Amino acid sequence: MNTKTISNSSSLTCTKLTLLTVLAVLIQITGLSVFIMGFFPVKPTLSGISGLESFYPPGFDPTDLSQNVSTLPPDKLKSFYQELSGVPPVFDRLVLMVIDGLPAEFVLGRDGMHPRKEFVEAMPYTQSLLAKGLAIGYHAKAAPPTVTMPRLKAMVSGAIGGFLDVAFNFNTQAFLDDNLIVQFFRFGWKMVMLGDETWLKLFPTMFTRCDGVSSFFVKDTIQVDYNVSRHLADELKSTDWDLLILHYLGLDHVGHNGGRNSNLMTPKLMEMDEVIKMIHSSTIQTQEVKQRGTLLLVVSDHGMTESGNHGGSSYEETDSLALFISPGTFNYTSETNNKAFQVDIAATLALLFGVPIPKNNVGTLMAEVFTSLTDEQQLRILELNSWQLLRLLQAQFPELECGRFSCEPGSVGHDDAEMFCCLYLDAAALFESWKSKSSSRSVGGDDYRSIVLAYQNFLRSASKWLSGRATDKPIGLLACGIAAMLLSCSILVGLLFVYGRDSPLGGIQHLSHKENMKKGHLDEIFILAVIFILILSMGSSSMVEEEQYIWHFMTASLYLILLRKTLQSSTPGRLLHAQNVNSKQKRSCSRIYSIVAVLTSGRILRGWHQGGVNWAHLPDISKFLEQAGSAPIKSLQLISILLVISISLTSILWPFWKSRFVMLFTVIFLFPGWLVLQDILNYQDSIFASASSDAIATTMAQNIYALLSIFTVGTLFAIPWFMPLKNSKTSRLCCFSIDISPQIQSEPLLWGFRDSIYVIGWCCVFSWCLLQLLLQQPINSMPVLLLLVQILASIWYFSDGDPHTRQWVEVAALYYVGMAGHFGLGNTNTLATIDVAGAFIGVSSHSTFISGILMFIITYASPMLALLSMLIYVSAKDMSAFVDTQNEMNFGHLLKMCVGYPCLVPLGLNSIFLVAYTIVLLLMRNHLFVWSVFSPKYLYVCATTACIYIGTLFVALATTYTCMAFATRRMWKGFFWKG
Amino acid sequence: MEEKKKKQQSINPLETKNDPVLCISPAKVLVLHLICGLGLASGFWAAHYFYSINLVSNPAETLRLIWIVEASVVILLYSLFRLNPDKCSYSRAVVGALLGLPAGAIVNALGAIVLGAPVGLQHFRKTVHWSLLMSVFTLVPAASVFGSSWTDWHRIFAQTKPIGPVDYMICLPAHGAVIGAWFGAWPMPLDWERSWQYGTSQLWQSIVRSASRISNTNQSWGRSEELS
């Protein structure tokens, strides 16, 4: 930056502006992190691992015994625990079969109804088990976020993790909290794990044998399950293991690829049924060998939506399965409508196998599974479960001492703590008196039932409170975060005002007279109104779920207003120069066409994906195409790629038609384009792709990544130095600019600067579009083209420096187009619509970081495209207005004028939305939907903020670099050009 | 809004063009709008009593009935105020308005579709009748009065600079209808548990659009009466 020659007339120099903006952004980042730390806390948990004390009531201090216990060998420990608990294990061995993403509805039906016919027919063995009473099935409601890792943690530990667990889904690390696997390990169990390698990441050292498969090739639905089943026959024959974990990923992959109604779903269910049959028949055979037999527990970690996604909290996603299959029979009339929570699995398994219940468990036991125990034993396990929950409650209420409450039957509990104490004491007292009169009690009598009822009262209310409790939010932290964000927001908005005062009109000023100034207001008012409307709409959960409507509607309205404005100025009487009538009218016509193009593309984009949450099932273009089969999608994809390539090539070659760059640009643009085309033609079509073609496709994608980045970076660094500085008489960039002021014609450096930015901008936009065409789902390739058309048409419309339209309005319009396009690509405010499958294209080894970046690229395709196009936008503006009148080649001033609005407006708008939404989230912290609607939306808002930072940083850096290059060139060759 | 327009008018006093300001008394305007309002009301009444349909149960049929009634009233009345009664006969103005009706319907339908109205065969009839009704409110009066005078159209619709009572008589209801329709098309994700909220969001939007258009039109009529 050429800061030496910055004029003093302006109150806001380039350096000052940059520093203040960077400062504001830094404050914003700090505030945001502080707020997130405060709002999504890691819940206070009990540390350590349950041991001896879990067989004693709370308050008992077993330190003297635990010394001995820790030195006991595993089998001694087992018998010691068994002696203490007084309940023998119901089973010896456990086969835990996890079917990833299987909704319980497929097996048990919904609302007491039978499951759908094809699913019943697909799982004949499982259905017969249920009918015979050999199995008990539960709808085990999973807690959001419904993604694999937090759900596995919930199943083995019984604890509901914090919301941010979802962020670590792809970054699994060893699970250190108390959990069943650790407890089994201490018992000396031999454990075998086959399936999803998430287990290996959670428990790296626990398994005797394991074969992890990766959930990595989402398109693969066959091999991933074959890799699990291939060991099954051997493992079932061997008797050395006590716990066998099978985690089948195929069904989840089927869902991700084709939704619930995929053709592959029925065969996959049949395959699972075969596995269940195989395991169950082998457990019956080995029952004589082992004493008590093997329990087969079939669970799913989460369900799936109609389209096969998961992550949110709808019934379809949280409806996971827990199916207990015994070699013998449960003394229980099987129902298919049992309801439980996923966290209950941990407590149930712990009590079934006689291990201590994990410390942070919030689940309650599933009583139907224990019907083979005697009454006293059943009461004992209820008691054990109650002691554990009471201990957890004591961690929440530090001064919880049940003795000090009176608990008169008439008195109403004043707070939760007292209520829990009373419920517990009530149950405990009943149990004590029942034990004391052991002689007179009858089997299954009223006494017994009232004790069970009392215990279940306590367990249910405590479990509900513990799993749904409002976590303490440190108000100080939250206030600090919001204050910092408010500060940075006001800095940014203040900067915008000061900047706007310095340069009241971004465009040409020779047309400005009073009347025109007055006329230009409707669009500005509307832009501001949109901000308020959006902020207001964020307060309603339905509006957050259906946010796409408001963006599409507002963007379309904005462009209709601009259309009206164009019509206003199109009358012959308005024109100032009579000789220009013809060209003006042509210009005005082309502007109308460009707006019509924006509106049409916007309407098609809106219709492409229905979007949202509640009305996602309504028909839209993408569903229509998917029903029509793969051929139309494929042809649309090809058309989009060819059009994107030809539009880009035409635009880049137009101004350079006779220069030596033609060949270079053609190669740069055509070669990666051709590669992407090849990739789509050959490798993207089949779900049933073989491993070898997968490998080729991965290499291909990697090559494309490398090429695109090399070309983009190469162009970015080289172009400013090699752009020819012709004193051109021919109208360069004639496609974008008609009115070329004499000043800019006479200034080759400015021309070169402008051309460089234009080329760099196009290169980035083109690379970004190609990348999207490669990564997005095939159905989304047309929207990418439409987005490009929208943005180009907008830039075309804005390029002629209309005196009525202020520059900030134009940048804001581009930003809105980008945000509307974000929803047009099928994104919503739930985590379920993130395209996970695309994030693994071209990744050959599992890397959280790279997959995360790809996911970000796919999700934020549209806003980022809008930001990158700011470079083209800058180059398409008439730069003569940017030149400092006193010092013609003041690059600092030029830079400030170029990127001031394109950087400040997105940052300012985003900071307003960020602050507003943060406050909304804080106000809604007790709302029913805070975890399912508002928090995911907040994650999106944070990610949008990151996207804006990256985009504006890139635009600013690219422009600054070009500016510096030209400043240097001027210093070198200064005296050639001065003449 | 009116004040702003008045101001504009005073800042830009009558442009130096042929000024077709007809002398028209406030009473006449009042009667005209009263009859238009009665036409609208009678459309609803006829729909309710003769066919027992309404906007919620049978949107397309009700809209058709209303636009037919309202169009006949509007065309016949506004043609009385045609710009050049000497050059242009009454019947010619009526024919012009009849030609303007489908043209205006196309413009309105395109606007509605751009703002999100559904496209598809099952929605086609609703869209057609709705846009014809909108055309009756927006473009048909102008077509009756101005014929094909481009400068007048431009003055009213692109620049919103009405001069004189006749201009206001056309301009305000038209803009009121458009603004009302725009507010009616506002995205409203309700909970849909009531019968009146029934239907797809787009259908609901079109219903609200018609309802609030009517109220807004009435409001703007009120305004124009005050002005004139």
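These questions and answers go through a predicted model and the terms used to describe it.

This is a predicted model, in which local features need pLDDT of at least 70, side-chain atom pairs count only at pLDDT 80 or more, and totals for chains, interfaces and linings use all residues. Residues are numbered from 1 along each chain as its sequence is written, chains are lettered from A and ligands numbered from 1 in the order in which they are written, and side-chain values use heavy atoms, with hydrogens and water left out.

Q: Why is Gly104(B) called buried?
A: Buried means under 20% relative accessible area, exposed means over 50%, and partly exposed lies in between (1.4 Å probe, protein chains only). Gly104(B) has a relative accessible area of 1%, so it is buried.

Q: Where is Gly104(B) found, and what does it touch?
A: Gly104(B) is in helix H4 (residues 90-114) of chain B. Helices (H or I, at least four residues) and strands (E, at least two) are DSSP runs, numbered from the N terminus. Not counting residues up to four places away in sequence, Gly104(B) touches Ser135(B) and Leu139(B). Contact means heavy atoms within 4.5 Å.

Q: Why is Val178(B) called partly exposed?
A: Val178(B) has 43% relative accessibility, so it counts as partly exposed. Val178(B) belongs to helix H7 (residues 164-184) of chain B. Beyond residues up to four places away in sequence, Val178(B) touches Met134(B) and Thr138(B).

Q: What makes Asp211(A) buried?
A: The relative accessibility of Asp211(A) is 16%, so this residue counts as buried. Asp211(A) lies in strand E4 of chain A. Leaving aside neighbours within four places in sequence, its contacts include Met193(A), Asn227(A) and His231(A).

Q: Why is strand E1 (residues 93-99) of chain A described as largely enclosed?
A: Seven of its seven residues are buried, so the rest of the structure largely encloses E1(A). Both faces are covered. Arg93(A), Val95(A), Met97(A) and Ile99(A) are buried on one side, and Leu94(A), Leu96(A) and Val98(A) on the other.

Q: What makes E1(A) and strand E6 (residues 294-299) of chain A a pair?
A: Two strands pair if DSSP finds at least two bridges between them. Six bridges join E1(A) to E6(A), and the two run parallel. In E6(A), Leu297(A) is the bridge partner of Leu96(A).

Q: Which residue of strand E5 is the bridge partner of Leu94(A)?
A: The partner of Leu94(A) in E5(A) is Leu243(A). Six bridges join E1(A) to E5 (residues 243-248) of chain A, and these strands run parallel.

Q: Why do E4 and E8 of chain A stand at the edges of the sheet?
A: Eight strands of chain A form an open sheet in the order E4-E3-E5-E1-E6-E7-E2-E8, with mixed pairing. Strand E4 (209-213) and strand E8 (338-341) each have a single partner strand, so one side of each has no neighbour in the sheet.

Q: How many bridges join strand E2 to strand E7 of chain A?
A: Seven bridges join E2 (residues 135-141) to E7 (residues 319-325), which run antiparallel. Gly137(A) stands opposite Leu323(A) in E7(A).

Q: Why are helix H3 and helix H5 of chain B called roughly parallel?
A: Axes are lines fitted to C-alpha atoms, for helices over the stretch in contact, and angles run from 0 to 180 degrees between N-to-C directions. The axes of H3 (residues 59-78) and H5 (residues 121-146) of chain B come within 8 Å and cross at roughly 10°. Angles under 35 degrees count as roughly parallel, over 145 as roughly antiparallel, 65 to 115 as roughly perpendicular and the rest as oblique. H3(B) and H5(B) are therefore roughly parallel.

Q: Which residues have the most contacts inside the largest nonpolar core?
A: They are Phe35(A), Trp551(A), Met554(A), Tyr816(A) and Tyr938(A), in a core of 174 residues. A nonpolar core is a set of buried Ala, Val, Leu, Ile, Met, Phe, Trp, Tyr and Cys residues joined through side-chain atoms within 4.5 Å. A second, separate core of 87 residues includes Ala140(A) and Phe184(A).
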